[in-house]
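Here is a short tour of one protein model, written to be read with the viewer open.

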Amino acid sequence: VRLKAQVLTSGVVHVKETRNFAGKAMEVTKTYVEGTREAKQAAKRDAASAHGGLDSVLMQMEKTRKLNVLDKSKMDWKDVKEGDAAMEEDLEKHKKGKTYLEEQDFLKRAELREYEIERDARLSANVNNRGRL
């Protein structure tokens, strides 16, 4: 992994790395929360390359890591969404996925409604049959 730059903004660390994808060098930007293990490792790599010495020689000899298709697709989709704010609003508007709590509320309302319909039918049948004993 070739570490290009590390930028710290309001508790978030942005790390730029160079990775190999289909024979081409791609620049990948990763975002970490400050203080996490990944952020500390990136800071350590950045310090090693800046100070020189044996660590920087080892980093130069290290092969560039490959970027897989899923990560590349995720990066491309993220770039497309960030580039077009109107499309992101439409995606949020038409999002079909509901949260677990919304699904549970819906199921409770449906079950209650079904129970009320059955109860009303049962009560109306009892009123009709009371006089026939």
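Helices (H or I, at least four residues) and strands (E, at least two) are taken here as DSSP runs, numbered from the N terminus. On that basis the protein has 5 helices and 3 strands, and their order along the sequence is β-β-β-α-α-α-α-α.

This is a predicted model, in which local features need pLDDT of at least 70, side-chain atom pairs count only at pLDDT 80 or more, and totals for chains, interfaces and linings use all residues. Residues are numbered from 1 along each chain as its sequence is written, and side-chain values use heavy atoms, with hydrogens and water left out.

Let us begin with burial, where buried means under 20% relative accessible area, exposed over 50%, and partly exposed in between (1.4 Å probe, protein chains only). Of the 133 residues in the protein, 13% are buried.

Next, the salt bridges. The term stands for a side-chain nitrogen of Lys or Arg within 4 Å of a carboxyl oxygen of Asp or Glu. The structure holds 3 of them:

| Pair | N to O distance |
|---|---|
| Lys72 and Asp76 | 3.0 Å |
| Glu116 and Arg113 | 4.0 Å |
| Asp120 and Arg119 | 3.6 Å |

Lys72 and Asp76 are 4 residues apart in helix α3, so about one helical turn separates them. Lys72 is buried at 14% relative accessible area, while Asp76 is partly exposed at 34%. Glu116 and Arg113 sit 3 residues apart in helix α5 (residues 100–129), again about one turn.

Which element gives the largest share of the lining of the largest pocket? Helix α3 does, with 6 residues. A pocket is an open set of points on a 1 Å grid over the protein atoms alone, where a 1.4 Å probe fits, with protein on both sides within 12 Å along at least five of seven lines; lining residues have an atom within 4 Å of a point. Among the lining residues are Arg19, Lys30, Asp71 and Glu82.

Helix α3 (residues 69–83) also holds Trp77, which is partly exposed with a relative accessible area of 43%.

Finally, look at Ala22, in the loop between β2 (12–21) and β3. Its phi is near 55 degrees, a positive value in a residue other than glycine, and Ala22 is exposed at 69% relative accessibility.
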